[in-house]
Amino acid sequence: MNRDDALALDAADPLAPLRAQFTLPPGLIYLDGNSLGLCPAAAPARLRQVVEQEWAQGLIASWNQAGWISLPQRVGDKIARLVGAGAGELVVADSTSVNLFKVLSAALDLAAAAGPQRRVIVSERDNFPTDLYIAQALAAARGLELRLLEQPGPLAAALDARTAVLMLTQVNYRNGRLHDMAALSAAAHAAGALTVWDLAHSAGALPVDLHRDGADFAVGCGYKYLNGGPGAPAFVWVHPRHAAQVRQPLAGWLGHAAPFDFAPDYVPAPGIARFVSGTPPILSLAALECGVDSVLAAEPLGGLAALRAKSLALTRLFAQRVEALAPATGPALTLASPRADAERGSQVCFSHPEIGYPVMQALIARGVVGDFRAGAAGEADILRFGFTPLYTRFVDAWDAAAHLGQVLALEEWRRPGFDQRRAVT
Ligand SMILES: *Cc1c(COP(=O)(O)O)cnc(C)c1O
C-alpha cells in the first residue's frame with residue numbers, strides 16, 4: 001500500500017461527503033475528536049439565530065415558542081437513536097460526572113432494596129478518573145466498598161452476591177480497549193447486580209445497543225464524538241423498567257412532575273425527565289443539537305455500522321503504518337491499543353517510556369493533533385490518536401503516521417520547549 005492507495009480509499013468512501021459538514025482549519029490533521037469533536041459548520045449560524053432571534057427578540061416567550069423547555073428531551077431523542085434507546089428514554093442534562101453521580105446513586109438504591117448484602121461497586125482501576133472519584137464519593141457516603149480490578153483481568157469473575165453495581169466505561173479513554181457490553185451485562189445480571197455504562201468514547205463512534213446488550217443505566221459525553229462543542233451538556237439514560245421507580249439524588253424543580261405548579265413537595269416526573277435537575281443551558285444545547293445532527297446525517301449512508309467499519313479500517317491502517325516505521329525510528333513506540341478489531345474503540349494509542357509528551361508537541365507543530373495521557377502507575381506514557389470516521393480521511397491516517405516517523409527520525413521532539421507541560425495535555 002502507498003499514499004495513492006489511501007487517496008483511492010477516500011475517493012471510493014461513501015461516507016466521505018460527511019466531512020463537509022465541519023469547519024476544519026486548512027492543513028490540519030485532527031486526530032483528537034475523542035477529546036473535542038470538530039465544530040459543525042451549521043453551529044455558528046444556529047447559535048447566532050438562538051442569540052439574536054430567540055433570546056434577544058423572543059426573550060422569555062422562547063421557552064414556549066422556540067421550544068427551549070423541551071430541548072433536553074428533543075436532543076435526547078436524537079441521541080437515543082445512536083445508542084439503541086427508545087424515544088422518551090434519554091435526556092440531555094448537566095455533565096457526564098454529575099449524571100454518573102445520579103445514576104450510580106439510583107442504581108445503589110435499587111441494589112440496596114434487592115438485598116442488604118449488596119454492598120460492593122465493581123469497576124476498573126484504569127477507568128476514567130472522574131468515574132472513580134464519583135464512585136469513591138458514593139461508596140464513602142453510604143459505607144460501601146469500591147472494588148477496582150486491575151487490567152487485564154477476568155471482570156465477570158469478580159461479580160458475586162455482594163455486588164451491587166458493575167460500573168464500566170465501554171471504551172477505555174487511555175488505550176481504546178472496547179468492552180463486550182452484552183457479555184458483561186449478562187454476567188452482572190446473572191450475579192444479581194445492575195450495570196452502569198459510561199459511553200463517553202462510544203456514543204457516536206460505534207454502534208451501541210443499550211436495550212439489546214442489557215444495560216440498566218448509561219451516561220455519555222456531548223463534546224467528544226457527538227461534536228457538541230466545549231463543555232457540551234451530557235446525556236443520561238435509564239432502562240424504562242427502572243426509570244419510573246428510581247430516586248434521583250439531585251432532585252430539582254425541572255425534574256418535578258409539574259414544575260410550574262411550584263409545589264413545595266417534590267414529586268418526580270414519570271420517567272427519565274426526573275433526571276433533569278435545573279434549567280437547561282440553551283445555547284450549549286443548541287450547539288449540541290448541531291453536533292448530534294452531524295452524526296445522524298450518516299443514517300442514510302449506513303449509519304453507525306458504516307462509520308464503525310470505516311473507523312476500524314482507519315485505525316488498522318494507522319497502526320500498521322506506524323509499526324512499519326519501526327526500523328527507522330528505533331524500538332521506541334509500542335502499540336497500546338488492542339490489535340483485534342472487536343476489542344478496539346475508535347482510537348489508536350502508542351506508548352513510549354520517555355518522550356511521549358515532546359513527541360506529541362512536535363507532531364502538533366507539524367499540524368497533526370493528537371494528545372498525550374500520562375501512563376498509569378508503573379506504565380509508559382501514551383500518545384493518543386482518535387479517528388472520528390465522520391471526518392477523518394484515509395490519507396490523514398497515512399500522513400499522520402508519516403509525520404510521526406519524521407518526528408522520530410529527525411529527533412524533532414528534542415526542540416526546546418516541547419517538553420514544557422501545559423495545563424491541558
Ligand atoms: C470525557 C470523559 C468524561 C467527562 O466527564 P465531564 O463530566 O464531562 O468532565 C467522563 N467519563 C469518561 C470515561 C470520559 O472519557
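Which residues are around the ligand? In this predicted model, they are Ser95, Thr96, Ser97, Phe128, Thr130, Asp131, Thr169, Asp198, Ala200, His201, Tyr223 and Lys224.

| Residue | Atom of the residue | Atom of the ligand | Distance |
|---|---|---|---|
| Thr96 | backbone N or O | oxygen | 3.4 Å |
| Ser97 | side-chain N or O | oxygen | 2.6 Å |
| Asp198 | polar side-chain atom | nitrogen | 2.9 Å |

The ligand on its own exposes 390 Å², and 87% of that area is buried by the protein. Helix H5 (96–114) and helix H6 (129–142) are the elements that contribute two or more residues to the shell around the ligand.

The report now turns to the nonpolar cores. The largest one comprises 56 residues, and the members that touch the most others are Ile79, Val83, Leu199, Leu210 and Phe235. At least two residues of this core come from each of several elements, including helix H4 (71–82), strand E7 (163–169), helix H7 (181–190) and helix H10 (303–324). Helix H9 gives the most, with 7 residues. The core lies between domain 1 (3–30 + 303–413) and domain 2 (48–296), because both domains give residues to it.

When residues up to four places away in sequence are not counted, Leu210 touches Val83, Gly84, Ala85, Met181, Leu199, Ala215, Ala218 and Trp237.

Terms used. Residues are numbered from 1 along each chain as its sequence is written. This is a predicted model: local features need pLDDT of at least 70, side-chain atom pairs count only at pLDDT 80 or more; totals for chains, interfaces and linings use all residues. Side-chain values use heavy atoms; hydrogens and water are left out. A nonpolar core is a set of buried Ala, Val, Leu, Ile, Met, Phe, Trp, Tyr and Cys residues joined through side-chain atoms within 4.5 Å. Buried means under 20% relative accessible area, exposed over 50%, partly exposed in between (1.4 Å probe, protein chains only). Helices (H or I, at least four residues) and strands (E, at least two) are DSSP runs, numbered from the N terminus. Domain bounds come from an automatic or database domain assignment. Contact means heavy atoms within 4.5 Å. A residue is near a molecule or strand if one of its heavy atoms lies within 4 Å of it. A polar contact is a pair of N or O atoms within 3.5 Å; within protein, one must be able to donate a hydrogen and the other to accept it, and residues adjacent in sequence count only if both atoms are side-chain atoms. Accessible areas come from the Shrake-Rupley method with a 1.4 Å probe; for residues, only the protein chains shown count as cover.
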